Each structure stands twice: as structure tokens, then as C-alpha cells.
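Here are my notes on the model you sent over. Have it open beside you while you read.

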Amino acid sequence: MLQIKGLEKAYGNFKALNGLDLEIKKGEIFGFIGPNGAGKSTTMKIVSGLLTADSGEAYVAGIDALKNHKKVKEKIGYMPDFFGTYTNLKAIEYLEFFASTYGILGSEAKKLGMDLLELVNLQDKYDAEVDGLSRGMKQRLCLARCLIHNPDFLILDEPASGMDPRARFEMKGILKNLRDMDKTVLVSSHILPELGEICTQIGVINGGKMLYSGTVDEVMEQFSGNAPLKISVLDACDKAMMILKEQPSVTKVRATENQIHCSYQGDNYEITRLLKILVQNDIPVIGLDKEVANLEDVFMKITETTDGEAI
Ligand SMILES: Nc1ncnc2c1ncn2[C@@H]1O[C@H](COP(=O)(O)OP(=O)(O)O)[C@@H](O)[C@H]1O
Ligand SMILES: [Mg+2]
């Protein structure tokens with residue numbers, strides 16, 4: 001659905017995108033994750049045909065997004081990271097207005113508008129003024145607007161930003177609905193946990209470059225590959241530490257209570273080897289885990305060392 005290669009974009013002498021690669025297959029919910037200023041919005045605007053790139057390639061469903069802005073807009077529903085003001089406009093009128101820009105009018109527009117309001121759980125608010133809606137509701141209304149022309153591919157820029165936990169939860173449900181509708185979604189966030197659960201793939205961007213991408217598990221594995229092991233034992237903690245220290249692959253060992261933190265060099269086979277040695281020496285091992293506890297830790301670690309790059 002989307003192929004980006006070596007995308008570059010500078011604002012003045014600041015390089016916001018620095019050779020970005022990104023690929024999204026049909027039906028994926030791709031979480032585009034990175035701190036503020038990483039280049040997420042810039043990438044999304046270029047793909048949506050709203051901003052020109054300096055160099056590189058971007059194809060949406062085979063269409064050159066850098067050249068055919070009009071054609072690519074038909075394929076994409078783009079939800080920006082801001083929502084304008086619409087004085088004296090009701091939610092349903094707002095959708096009818098945008099439907100009219102696609103030539104959908106009258107009762108057809110009303111029906112479509114109501115269906116879309118239902119999809120984003122705003123059916124009760126059809127008669128409410130847009131400016132009076134909460135931020136979360138505005139975001140969802142904006143999402144409904146993006147679906148008017150029934151695009152296959154949705155680009156959602158920080159759809160959950162500024163929302164309270166309940167609204168975020170609802171947004172997650174809506175993303176699941178989109179997945180069930182067979183849409184492909186590129187969704188960005190500077191906060192990771194809210195995307196980790198729902199996305200089929202994630203990409204971590206920083207300094208205008210994709211640092212890691214893959215399934216959540218792959219990204220975790222790639223990054224936390226050599227994270228220290230947490231080995232829980234019933235007792236014999238001192239003996240276990242002594243055995244581990246003797247192993248050539250082990251670089252550091254420390255213990256808290258009956259839990260041993262062990263740094264090592266090697267792959268997953270090395271972990272099984274270490275475990276086997278402990279068990280063969282009658283150490284009552286009751287648990288083994290890697291120390292990187294969650295996706296958020298991984299994200300913090302990935303992004304803490306890199307920064308935007310000036311030309
Ligand atoms: N119109 C602009 N003019 C100058 N600098 C910009 C402009 N838009 C974005 N930038 C800069 O480019 C970098 C990437 O911005 P952006 O793509 O909005 O990042 P993100 O969406 O990941 O927060 C940031 O450092 C930002 O300050
Ligand atoms: Mg942004």
C-alpha cells in the first residue's frame with residue numbers, strides 16, 4: 001500500500017527527513033512512533049500530497065505520491081494533527097459539507113454522514129455544534145470526515161493526542177473497526193503504549209530516519225536482544241551467581257533478593273545454555289525473563305541517543 005524510499009525534506013537548512021524508508025502492506029495498522037520533531041507529520045503530509053519532498057520515492061497503491069497529488073488524495077483519508085474552527089456548524093452539517101466536495105449531496109450525504117457518525121460513536125451528537133465538542137469528539141468527527149470518500153488508506157496524525165484515557169480507549173476501538181473494514185492505516189503518536197496493542201506493525205522514527213520497524217515483537221527483540229536476563233531462583237542464589245560468573249559469555253552478574261540480573265553476550269541459544277547449566281547444577285530456577293520490561297522502555301532507549309540533524 002505504501003512504499004517510501006530515501007525520503008528527504010529540509011525546512012530551510014534543517015533536515016526534517018533524512019533518507020526515510022518505510023513500507024506498509026495492505027491491511028496493516030502501522031504505528032508510526034517517535035518523539036516530537038522526529039518527522040512524522042512531515043512524512044504524512046508528503047504521502048498525502050500536501051507537501052513536496054526534496055528527493056526520494058513514495059508510492060501509494062502504486063501511484064507516485066510525489067508527482068500525482070490529485071490521484072493520491074483519492075486513495076487517502078488524511079487526518080491532520082489540528083482541527084480548525086467551524087462557527088455555527090453542526091456535526092452532521094460539517095460532514096454534509098465535506099461530502100458535497102466529493103459530489104455527494106442531499107439525502108445521500110445525510111445518510112452517509114449519519115453512518116460515519118455512528119462509526120466514530122458520535123451519532124448522539126449529530127445536532128451538536130462542532131465548536132462545542134470536546135477535543136476527543138472533534139478528533140473523531142475529523143476521522144469521520146476522512147472516511148467520506150471511502151479511501152483504502154488512512155493517515156492519522158496523532159489521533160489520540162490530548163485525549164483523556166477514556167477517549168483514547170474509544171479511539172483504539174475505532175482503529176480496530178477500521179482494521180475490520182480492511183482499511184490500511186498509518187497512525188502516528190509520540191506516546192507509545194496506546195499504539196503497541198492495536199498496531200500490527202510499528203516503526204520508530206527519530207531525526208528523520210526510521211530506526212526500527214517490524215512487528216511489536218520483532219522491534220522488541222531487535223532492540224532488547226542483549227538486555228540482561230532476570231533469573232528468579234527459590235534459593236541457592238549465591239551458588240547460581242558463582243556458576244554464572246564462570247561462564248565466558250557472562251559479563252556482569254548482580255542479585256536482588258532471589259532474583260539474579262545477568263548480562264551476557266550471545267543469542268537465544270546462549271540463554272538456553274545458561275539455563276541448562278544452572279538446572280544441571282541443581283539451582284531451583286523458577287523464572288527467566290529479559291530485563292527490558294515493555295515497549296515504552298524500548299522506545300525511550302531507542303530515541304534517547306539520536307537527535308535531529310542540522311545540515
Ligand atoms: N514549516 C516548517 N518550517 C520549519 N521547520 C519545520 C516546519 N515543519 C516542521 N518543521 C521542523 O521539522 C522537524 C520535524 O517536524 P514534524 O514532521 O512536524 O515532526 P513530528 O510530527 O514528528 O513532531 C521539527 O524539528 C520541526 O520543528
Ligand atoms: Mg507531528
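1. Ground rules. This is a predicted model, so I kept to its cut-offs: local features need pLDDT of at least 70, side-chain atom pairs count only at pLDDT 80 or more, and totals for chains, interfaces and linings use all residues. Residues are numbered from 1 along each chain as its sequence is written, while chains are lettered from A and ligands numbered from 1 in the order in which they are written.

2. Overall picture. The protein chain has 11 helices and 15 strands; these are DSSP runs numbered from the N terminus (helices are H or I with at least four residues, strands are E with at least two). Its C-alpha atoms fill a box of roughly 80 × 45 × 30 Å along the principal axes. Of the 311 residues, 37% count as buried, where buried takes 20 or more other C-beta atoms within 10 Å of a residue's own, exposed takes 12 or fewer, and partly exposed is in between, with C-beta atoms placed from the backbone.

3. Two domains. The chain splits into domain 1 (2-222) and domain 2 (228-291), with bounds from an automatic or database domain assignment. Their C-alpha centres lie 45 Å apart.

4. The six-stranded sheet. This open sheet has the order E6-E7-E8-E3-E9-E10, with mixed pairing; two strands pair if DSSP finds at least two bridges between them. E6 (76-79) and E10 (209-214) are the edge strands, each pairing on one side only. The twist averages 15 degrees from one strand to the next; axes are lines fitted to C-alpha atoms (for helices, over the stretch in contact), and angles run from 0 to 180 degrees between N-to-C directions.

5. E7 (residues 153-156) and E8 (residues 184-189) run parallel, joined by four bridges, and Ile155 stands opposite Leu186 in E8. Helix H6 (residues 165-180) packs on the sheet, touching E3 (29-33), E7 and E8, at about 155 degrees to E8. Contact here takes C-beta atoms, placed from the backbone, within 7 Å. Helix H5 (residues 135-146) lies across E6 and E7, running at about 160 degrees to E6.

6. The four-stranded sheet. Here the order is E12-E13-E11-E14, again an open sheet, and the pairing is antiparallel. Why is one side of E12 (250-256) and of E14 (285-290) left without a neighbour in the sheet? Both strands stand at the edges, so each has a single partner strand. E11 (residues 229-233) pairs with E14 over five bridges, and Ile231 stands opposite Leu288 in E14.

7. Helices on this sheet. H9 (residues 237-246) lies across E11, E12 and E13 (259-264), at about 170 degrees to E12. H10 (residues 268-280) lies across E11, E13 and E14, at about 160 degrees to E14.

8. Ligand 1. Which residues are closest? Tyr11, Ala16, Lys40, Ser41 and Thr42, from a shell of 12; a residue counts if its C-beta atom, placed from the backbone, lies within 6 Å. Strand E2 (14-24) and helix H1 (40-47) each give two or more residues, and H1 has the largest share with three.

9. A loop residue to look at. Asp267 is in the loop between E13 and H10. Is it buried or exposed? Asp267 is exposed, because there are 11 other C-beta atoms within 10 Å.

Terms used. Two residues are in contact if their C-beta atoms, placed from the backbone, lie within 7 Å.
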